[in-house]
Each structure stands twice: as structure tokens, then as C-alpha cells.
Amino acid sequence: MTRRPVIRMEDFVQPHHGLGVLRLATLLAEGECTAEEDDLDRMFGQMEAGALVATPASLIWPELARGLMAPAPATMLRTLLECGCLREILPDVAALFGVPQISDEPGEIDLGAHMLATLNEAALRQAP
């Protein structure tokens, strides 16, 4: 069963609409749960409306840092990827998905998936 985070209204009262999108992804990472389809649709709508473009990077970084230090940081990045926001915020990270990584195991692994697994492993070990 997926545990949903406790979401308070003050979590979404932000000076820029794009920060609400990031806050939802961060809360999912903190609650170690996944976004529902409706959540992703709303986030995609905000991204399409240009909410992230108008949000200064100086305000985006604290949300990203909070999500990266959460118990499930890969959840935040996966959510942002699925709704299309990752390419707006971190285009270099978004570009990793779909790139094959040669491994010792038979076959190849997606470089983006490898990065997400590495983030979660670092979180499990409480490594900043």
C-alpha cells in the first residue's frame, strides 16, 4: 500500500506557481510514495502553462535540495520526469534517461535509472 504524505495548504502557498509543482514532488519524496495520475496531469498543466519558466532558479534550488535530502529522492526526480518538469528544471539530468550504460551484468541499464538507484542508495545510507 502506498502511503500518501500529509499535505497542508501552506505547502502550496508559494510566491510562484512553479514552486507548488516542486513542493508536491518534494512531499512525495518525503512521504516515500508515488504520484497519482491526477497529480501528474496537474503538474504537467502547470509546466505547460510556463509556471516553471517564470520561477527564479534561486527559489527552485531550496525545493530541489529538500527533495534530494528526503528519504526517497528518486521519487522526486521520477515524478518531475513523468510530468515533463525535469527537462525544464534540470535538462542535463533529464537527458540521462534513455541513455544505455554498459554494465558487468548481461545487457545494458538506462543511465537515468542507474542515477535514481544511486540516489536512493545514498538516502538509505543517510549520505548527503
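Student: How many salt bridges does a search of the whole structure find?

Tutor: The search finds four salt bridges, a salt bridge being a side-chain nitrogen of Lys or Arg within 4 Å of a carboxyl oxygen of Asp or Glu. The structure is a predicted model, in which local features need pLDDT of at least 70 and side-chain atom pairs count only at pLDDT 80 or more, while totals for chains, interfaces and linings use all residues. Residues are numbered from 1 along each chain as its sequence is written, and side-chain values use heavy atoms, with hydrogens and water left out.

Student: What makes E30 and R66 a salt bridge?

Tutor: The closest N and O atoms of E30 and R66 are 2.5 Å apart. The limit is 4 Å, so the pair qualifies as a salt bridge. E30 belongs to helix 1 and R66 to helix 3, so the pair ties together parts that are 36 residues apart in sequence. Helices here are DSSP runs of H or I with at least four residues, strands are runs of E with at least two, and both are numbered from the N terminus.

Student: Why are E30 and R66 called partly exposed?

Tutor: Buried means under 20% relative accessible area, exposed means over 50%, and partly exposed lies in between, with a 1.4 Å probe and protein chains only. E30 has a relative accessible area of 29% and R66 has 28%, so each is partly exposed.

Student: Is D39 buried or exposed, and what is the state of R42?

Tutor: D39 has a relative accessible area of 7%, so it is buried. R42 has a relative accessibility of 53% and therefore counts as exposed.

Student: What makes the approach of D39 to R42 a polar contact as well?

Tutor: A polar contact is a pair of N or O atoms within 3.5 Å; within protein, one must be able to donate a hydrogen and the other to accept it, and residues adjacent in sequence count only if both atoms are side-chain atoms. The side chains of D39 and R42 make such a contact at 3.0 Å.

Student: Which salt bridge involves R125, and how is R125 classified?

Tutor: The side chains of R125 and E121 meet in a salt bridge of 2.8 Å, N to O. R125 has 64% relative accessibility and so counts as exposed, whereas E121, at 36%, counts as partly exposed.

Student: Why is R23 called buried, and what does its side chain contact?

Tutor: R23 has a relative accessible area of 12%, so it falls in the buried class. This residue is found in helix 1 (residues 17–31). A polar contact of 2.3 Å joins the side chains of R23 and E63.

Student: What makes E37, D38, D41 and E82 a negative surface patch?

Tutor: Patches are made of residues with over 30% relative accessible area and no salt bridge, with like charges joined within 9 Å and nonpolar side chains (Val, Leu, Ile, Met, Phe, Trp, Tyr) within 5 Å. Lys and Arg count as positive and Asp and Glu as negative; His and the chain ends are not counted. The place of a charge is taken as NZ of Lys, CZ of Arg, CG of Asp or CD of Glu. E37, D38, D41 and E82 form a patch on these terms, and helix 2 (residues 37–48) gives the most to it, with three residues.

Student: Why is helix 4 called mostly covered?

Tutor: Seven of the 10 residues of helix 4 (residues 73–82) are buried, among them P73, M76 and L80. Helix 4 is followed by G84, whose phi is positive, near 85°.

Student: Which residue has a positive phi although it is not a glycine?

Tutor: Q126 has a positive phi of about 55°. Its place is in the segment after helix 7 (111–124), and at 74% relative accessibility Q126 counts as exposed.

How values were computed:
Areas by Shrake-Rupley, 256 points an atom, 1.4 Å probe, with all protein chains shown as cover.
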